[in-house]
Amino acid sequence: MPNNRQRIGAIYEEVVNRNPGEAEFHQAVKEVIETLEPVLRRYPHYAEHKIIERICEPERQIIFRVPWQDDKGEVHINRGFRVGFNSALGPYKGGLRFHPSVLIGTIKFLAFQQTFKNALTGLPIGSGKGGSDFDPKGKSDSEMMRFCQSFMTELYRHIGEMTDVPAGDIGVGAREVGYLFGQYKRITNRYESGVLTGKSPSWGGALVRKEATGYGTVFFTEAMLKARKMDLQGQTCVVSGSGNVALYAMQQLQILGAKVVACSDSSGVIYHKDGIHLDTIQRLKEVERKRIKEYADEHKDAQYMEGGNIWSIPCDVALPCATQNELDADAARTLVANGVIAVAEGANMPTTPDAVKVFHEAGIAFGPGKAANAGGVATSALEMQQNASRDAWSFEYTETRLREIMRNIHADCQRTAEEFGAPGNYAYGANIASFKRVADAMLAFGLI
Ligand code: NDP
């Protein structure tokens, strides 16, 4: 009989063999299952029912052709994806990513992580993710519309408010969700609000959804600091990215009295020692859809570093909010040497496993994405609740719910980490608490 360590090693090997070339998916699986040994020790029936093996295999994967025409009439072909990973706790739920780097392995890693993130929220949502290798950069509104319509012309038959509920992610914001919903409504002849989240509040979206992931990451950071008898007031912060998550993380940091000195996009870094003017970044990114380079043209005392390394800027709090594997071990060592006290992942898997190790060894408060950025999907679930009851909640009420959810997730991770012998290790706590929730539901349903 293999021991639990050997059993987990064999499961990982099998995942690698069955999913060749999907390095990000392998990384995401390894990060979770490596922490489950104490769970199998305490609950051997999970092994007997092969729960880990089942949880690592997506329930369904859909790949489809997305043909569309640009403004000059030229035809382009992209690839669309939707992976339904686990529906033990509710309909598949997770965003759509439009970015040229998207492969099936990217979507699988995101959907796998979503399983645990969604379980942590305590809300009735399963896990999924989707997207396309389409590049939204430089596309006109009408090109975006034609692409979204073509994408939905296949996707619509696989989704539904009780089946699978997509939302936004990288490259998919309110504009794209609008085009996608419009096409769904046209094809199905149904005004099914609950089929997509991240909608505009004027036609069924939840207030605070736009802000939720960034705000939630900051609420989680606040809770980590509070556990160490500190707060965000006066802390110097660095936030990577300048998209949806980064923008609203910066906004909430400023509301709570912190000073944000740097942000970035995939071309470079803005460093503004006296504090970033968020209104400028917001206008450049949300309204004018420009590069952050332009910020330095408007604020002469700010510095723009083309291709710069944002993690070399000294700070107390670092929030990676751009993309996966953007913060490696060297960057982590630099942050630690510069005195960072807390790091929370606004993005999905932005910190490499070696970098996570550096933070844990240095005793830095580290909030893993599946806990720290769960505020977005939690608020999506609140949007689904409002759609189901044909109701619309106020900003204040929704924000209070979000803050409570983030505090509960923090407490859940903290308690579980302690219970399983790894006090202060939020990654352990998040993995174990969420795994148990999904595993118990799977067991209740029998072998399906
Ligand atoms: P956006 O598309 O709004 O913004 C993404 C930001 O990250 C942009 O500034 C972009 O720069 C930068 N970026 C993207 N890819 C790269 C790359 N390869 N290298 C460097 N920078 C990059 O996306 P979101 O803000 O929605 O998502 C950011 C992260 O947060 C993702 O990991 C996403 O999965 C995660 N997340 C998002 C949620 C949400 O509610 N939106 C919920 C939970 C997690 P540029 O414009 O130059 O590409």
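Mentor: Gladly; let's start with the largest cavity, which has a volume of about 30 Å³. The model is predicted, so local features need pLDDT of at least 70 and side-chain atom pairs pLDDT 80 or more, while totals for chains, interfaces and linings use all residues. Residues are numbered from 1 along each chain as its sequence is written, and side-chain values use heavy atoms, with hydrogens and water left out.

Trainee: How is such a space found, and what lines the largest cavity?

Mentor: Rolling a probe the size of a water molecule over the atoms shows where empty space is left. On a 1 Å grid over the protein atoms alone, a cavity is a set of points where a 1.4 Å probe fits but cannot get out; a pocket is an open set with protein on both sides within 12 Å along at least five of seven lines; lining residues have an atom within 4 Å of a point. Points are joined across faces, edges and corners, and the volume is the space filled by probe spheres set on them. Here, Asn86, Leu89, Thr115, Ile125, Gly126, Ser127 and Val438 line the largest cavity. That lining has 3 nonpolar residues, 4 polar and no charged. For these classes, Ala, Val, Leu, Ile, Met, Phe, Trp, Tyr, Cys and Pro are nonpolar, Asp, Glu, Lys and Arg charged, and the others, Gly among them, polar.

Trainee: Which residues lie nearest the centre of the second largest pocket?

Mentor: They are Glu31, Glu34, Pro353, Val356 and Ala427, out of 23 lining residues. The second largest pocket holds about 590 Å³ of space, and its lining divides into 7 nonpolar, 8 polar and 8 charged residues. Helix 14 gives the largest share of that lining, 6 residues. Helices are DSSP runs (H or I, at least four residues), as are strands (E, at least two), numbered from the N terminus.

Trainee: How much area is buried between domain 1 and domain 3?

Mentor: Buried area is the accessible area (1.4 Å probe) that two parts lose on being put together, summed over both. Between domain 1 and domain 3 it is about 420 Å², with carbon and sulfur atoms giving 48%. On the domain 1 side, Glu24, Gln27 and Glu31 lose the most area to domain 3, together 85% of what that side buries.

Trainee: How many salt bridges cross the interface of domain 1 and domain 3?

Mentor: A salt bridge needs a side-chain nitrogen of Lys or Arg within 4 Å of a carboxyl oxygen of Asp or Glu. By that rule, 1 salt bridge crosses this interface. Elsewhere in your reading, look for glutamate 31 and lysine 370, whose side chains meet in a salt bridge at 2.7 Å, N to O. The whole structure has 26 salt bridges.
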